[in-house]
Amino acid sequence: CLSGMVVNEMDECDGPQNHITEESYGLISLLKMKPINDVGCLKAKIGGVSELSIGDNSSLFAVLRVGNSEFRTDVVHMCANVIWNKTFYFNINDIHDNLEVSIICQHKSCKNEFVGKVEIPLLRLGTTATKMYVLKDKHCMTKAKAGGVVDLECDLVYNPIRAGIQTFLPKEGKVMEEGETFKRKVLISNIRRATDVGSMLQSIWSFIEGLWSWQDKWLSALSFFFFIVSCLLAELWMVFPLLILLLLFGYMVVYVRGHHLWQIDSRRKSRHRDEDDEEEESSMEEGEEGSELEDEGDPTAEDQSKAGISQTFKQLQRVLLLLQTLLGQLADLGERVHNFCHWRVPWLCWLAITVLTVAMVIVYFIPLRYIILAWGVNKFTKRLRNPHYIDNQELLDFISRAPTYKQLHQWNEALMQIKSKMLKAQISSSGNEGLVST
C-alpha cells in the first residue's frame, strides 16, 4: 500500500550527494562528529524494466525502499518496457537492511496494481555494475506472474566500525509494518519449524550422551583427555580463541562442501514455497470466516448463545495467536543461530571473530574483577547518563541480523535467476542488442 507514506523523488543532479566517496565513510570519518547510526550511503540507479507480459497500454512506476526510506520514479504511460534512468540516494542506518524494488501498474482509475518485486540484501551490493534481476511475487518466493526483469546499478559505501556497533543495537522497525494475525497454516508452519529446531538440539544432546556412554571409544577417550587438561590448565581468556576456532571450523566445513555461503538446500526451498502458498490460502479462508462471524452478530433473541460462542472463539484466537508468535520467535532464533554458525552471512561471522579477539585481549590483560566492576557501573549509570535509554540485549540484537531459512530462500532464488538470466543475455547479445541497461 503506497498511501499514507512519505514519497520523495530525486533526479540525478550535481548535488553534494553525487560526490560521496569511500573517504566520506572511511576510518578517518570516525573523527567527525557523526551520529552512530550514520552507517553509510547507497546510490541506486534503476535503468528500467522489460519483458513484461502486461500489454503496451500500461502505466508503470517503480518504488525503491531501504528500511523506512522510500523513493518513487515517474509514471511512464502506455508502455510495457520502461526506461527510467533515475538515480536515488539512501542514507543507510543498518547495513543489514534490504533494497526493495517494487514495480507498480497504475490504471486509469488511479488504482495501483502490484506487478513484481525484488529484494536484495545490502551486504550483497557494493560494486558499481549493472545487474538484471528477475521480478518475483509479493513474498519474493516465486517468479512474478507478469514476468519481467529490472536492471539496477548500485554503489554502497559504509563505515565498517559504525556498521558493527549498530549490529549490536535494536533493529529499527518498519513504520507501515502490519500487525501479526492468527493464521492456521502459519501456526502449523511454526510448529514444524520449532520441531526442526528441537530436533537439532536433540541431535547435539545425543552426541554429548554418546561421548559419556563411550559409543565411540576413541572419540570419548579424546574428549575425556581434553576435559581433564582443560580443567587443570584452561583460563577464562582461552574460551574466546576456542569460539574463534569453532567459527573457523564451520567456515572450513562450508568451504570443503563447496556450498555458496548464502545458499539454502532445495528441500527447504520447496518447503517454504509451499508454506507461502498455504499462508495466502489461509488468509483468504479466515477472512471469509471473519465476515461470517460479523454477519452472525445481529442481536436477536436467539443470537445470545451465538455471541457467547463468538466471544469464546475470539479468546481462543488470541491464545492461539500468542502460541503462534512464541513458536515463530523460537523457530526464528534457532534458524538464525544455525545460519550464523554455517556462515550464511560471512560479514556477521567476521564481525563476531573480531569482537571475540578484542574480548580475548581485554580478559587476558585486565583482571576479571575490574571487568565486572566496569560492567556493573555501566549498567547502573545508563539511565543517569541517558534518561531516554532503551535497554536491549546485545547478543539477541546481533543474532537478529542473521537470516531465517525463508529469508535465505528469498535471496538465493533471485541469485540463481540472475546468473541464468545474465548468461542468456550474454549469449543472445553477441550483436549490440540485449536487455534494458543503463
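Let's begin with helix 2: at 1.5 Å a residue, its 29 residues should span 42 Å, and its end C-alpha atoms are 42 Å apart, so the two values agree. The expected span here is 1.5 Å times one less than the number of residues. Helices are DSSP runs of H or I with at least four residues, strands are E runs of at least two, and both are numbered from the N terminus. Keep in mind that this is a predicted model, in which local features need pLDDT of at least 70 and side-chain atom pairs count only at pLDDT 80 or more, while totals for chains, interfaces and linings use all residues. Residues are numbered from 1 along each chain as its sequence is written, and side-chain values use heavy atoms, leaving out hydrogens and water.

Within helix 2, the buried residues are Lys185, Val186, Leu187, Ser189, Asn190, Arg193, Ala194, Val197, Gly210 and Leu211. Buried means under 20% relative accessible area, exposed means over 50%, and partly exposed is in between, with a 1.4 Å probe and protein chains only. Just after helix 2, Trp214 takes a positive phi of about 55 degrees.

Next comes the partner of this helix. Two packed helices are described by the angle between their axes and the distance between the axes. Helix 2 (residues 184–212) packs with helix 3 (residues 217–233) at an angle of about 90 degrees, and their axes are 8 Å apart. Helix 2 is therefore roughly perpendicular to helix 3. Angles of 65 to 115 degrees count as roughly perpendicular; the axes are lines fitted to C-alpha atoms over the stretch in contact, and angles run from 0 to 180 degrees between N-to-C directions.

Which residues in helix 2 meet helix 3? They are Phe207, Gly210 and Leu211, and on the helix 3 side they meet Leu219, Ser220 and Ser223. Contact means heavy atoms within 4.5 Å.

Now look at helix 1 (residues 160–167), where Gln166 lies. Gln166 counts as buried because its relative accessibility is 11%. Not counting residues up to four places away in sequence, Gln166 touches Ile36, Asn37, Val39, Asn93 and Arg401.

Asn85, in strand 4 (residues 82–92), has a positive phi near 55 degrees, though it is not glycine. Asn85 is partly exposed, at 37% relative accessibility. Cys140, also not a glycine, has a positive phi of about 55 degrees and lies in the loop between strand 7 (129–134) and strand 8 (147–158). Cys140 is buried, with a relative accessible area of 1%.

Conventions:
Parallel < 35°, antiparallel > 145°, perpendicular 65-115°, else oblique.
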